Amino acid sequence: MAQLELELLTDDAVEAAAFEAYWRLNEDGETWAQTVTAIRAEYGLKPQQMTRIAQQAGTAYLADLLCESCEDPYPVSSRTDLTQALRFPSWKCPSCHEREVEERAARVMEQKARRRSEVYEQYPILNGLDLEPTDLTLFEAIALHALFSDPAVEDAGLTSPTDIWPKERRWAPEQLRYNFERGLLKAVPRRLKVHPDSHLDAFALDDEGELSDSFYLGRVSYYLMGQANELTERHPRLLRALNRTFREGPWPSSWAAQWHNLWDELVLADAQDYLAMKLGEHHLEMNQGEGTRTALQDALSTFSLGQVFNFIYRAAKDSAAYYQRGGVNKRQAANSTIGRISASADRARANGWDVKPFGRPWNLPLSAIGETFFSKVMWQPDMMQVASRDAQVPLHAWPAENAAEGTEDEGSEEVPHPVPDIDEEGTWIDLGKIPGATPWPDVNDLLKLEPGTVTAIVSVPTAGRSTMALNIALHNATAERLTVFSTCEINSDAIERKLVSATCGADLRYRAGTVGFDSVRRRASESSVRVPGWHTPTIGLPLEQVFREAATTVIPPQRGRLALWVVDTIQSYSELDEEGLALSMDVARRIAEEHSLAVLITARALSEGPDEPLELHHVPTPIARSADTIVELHRDGVYWTSLPDADSANVRALKVGGKQCKESVSLNFEASFCRFVRTDT
């Protein structure tokens, strides 16, 4: 039963009577004594007048409903409001509610201030030594560069939490993000620290609601360690140093052994994302476990990411068709995709197919780490086209020669034609120092490798022409002439081992040997030698397409003009008949002339017997006609699979400058070190 108390605010008797009639209840205290229509008729009021009187002629209070704090009665605004108020179990007046909200906000602010003070105490801003590229692993350098290149860092010197990076440019691939962030954070010594101005929700609380010593990855902001007191002055210095190292080199020696694993991690993450996206387009879904990763890793070990995208696209499409035919559920259809990818990769590998690479879809952009690694560090114009096994570090990554070394005797005269020499450790120290196109002064009288010319090294099989061509490529690259070595005779790993072996004089033919490859490679990286670019095109690929890869993917145009292109062996990129070889030689000559570069090819030829030297008439006719210079590499007893122990080799000119020639030069062949050296070394 409602008890109303009225407070009149008008002196008009009619309005006062109408107001009291409006709020009058029957004796039961639940129903109204008169309807609004009856009241208006009794006092001759219009609807607008009745409404004004009910709202302004006075105030009605519900005595049964008091404010919990000040115990003021509830002010009723209308009959409908009274009906609703009778259902309220309790009520708080606006002034008391507002005061309570303000008190609660004050308590929250006080609690936040106390929590922030605790955070500042637990995570103080510290100074440390300025970071240099040599202090960092390759991953740390790339991750820090990506993290602190974000424009938001410039405001206060702290990073944006990785959770809020936009999908269009994530900091790292999603499945790698937490591992990457954890690895960067736990580096010893510490590269970065948690900033105490991170959002308070980023810091974990214990069971009692107090600040713990934990925080949530992805939610915190970081600052860079350094000597500058202003955080905004720390990261620009590191970014400048990293940009210079990425752009000009040389890399710290440890990076040479680290880039390959990072490449594999990033392309695998992209392949997994693309697989999930393609299956999702067909309304299929699968849990990608270790088996999925293993299958994708196997495909990526041979094929580029773009080619693996091709396999994934077709496999997902076939799985969707498999489900549509009926008899299987969605999970079975999705799980069959991995088998299809593996089968496609195996068939393409076994048959030597040239698989068309896909481009990167617009809705699967590179992460900031991926963009920094592939474009800024590895100088890859399109990483989608490059297989992991064919990828290589940019030329400037290798250390340049230290000009201060070897200058103790300043009064000594320069030797015009220094003899190639080997130091005590077996290192080929004069690579790149010999004037001319090869590391052997006497051979330079035969092989000029001038721009716009085509030179051929011919030999019977297994004589060592690939090794000789690789030695020449290594010499020219060290002499800072941009060089690419294209071969399908040797795989990418073997090329690297041969280059390191020739540089350091280490026998790396057997992996189980006593010489550690990583340590020898480190010694090579610390020398003055620069490696050439190399790639292993598919056998049978047209020579023009091989050159396009060499001049765009292996050595991007922004590095400068290609000076020497070595093709080993030209028959591998020609049709089997003489007409096909002639076409390849025409392409080689046209490329040499149009691009003003030297083209060095190797070619197979056969003589009458193992000890019979080659003559010009033994050389395939298209090569004999088109090459400007032709030299024969001869080793006694070498013929097909016959590999004698003899280490002597003879380089004999068959044609020089378009004319027949009979001059020859003797070299020693160090088979265990993959190099030819002068006989007087």
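Angles run from 0 to 180 degrees between N-to-C directions, with axes fitted to C-alpha atoms, for helices over the stretch in contact. The model is predicted, so to speak of local features pLDDT of at least 70 is needed, side-chain atom pairs count only at pLDDT 80 or more, and totals for chains, interfaces and linings use all residues. Residues are numbered from 1 along each chain as its sequence is written, and side-chain values use heavy atoms, with hydrogens and water left out.

Strand β2 (residues 58–66) is joined to β3 by four bridges in the antiparallel sense, and Tyr-61 has Pro-75 in β3 as its bridge partner.

Turning to helix packing, helix α6 (residues 138–148) and helix α9 (residues 235–248) meet at an angle of about 125°, their axes 10 Å apart. That makes α6 oblique to α9 (angles under 35 degrees count as roughly parallel, over 145 as roughly antiparallel, 65 to 115 as roughly perpendicular and the rest as oblique). The crossing of α6 past α9 is left-handed, a term for the near helix being turned anticlockwise from the far one by less than a right angle, with clockwise being right-handed. Contact, meaning heavy atoms within 4.5 Å, involves residues including Ile-142, Leu-144 and Phe-148 of α6 and Leu-238, Leu-242 and Phe-246 of α9. By class, this contact has eight nonpolar, three polar and no charged residues (Ala, Val, Leu, Ile, Met, Phe, Trp, Tyr, Cys and Pro are nonpolar, Asp, Glu, Lys and Arg charged, and the others, Gly among them, polar).

Helix α10 (residues 259–281) packs on helix α11 (residues 290–302) at about 120°, with axes 10 Å apart, in a right-handed crossing.

Finally, the whole structure holds 28 salt bridges (a side-chain nitrogen of Lys or Arg within 4 Å of a carboxyl oxygen of Asp or Glu). One of them joins Arg-191 to Glu-140, with the closest N and O atoms 3.1 Å apart.

Notes: Helix = DSSP H or I, 4+ residues; strand = E, 2+ residues; numbered from the N terminus. Pairing = 2+ DSSP bridges.
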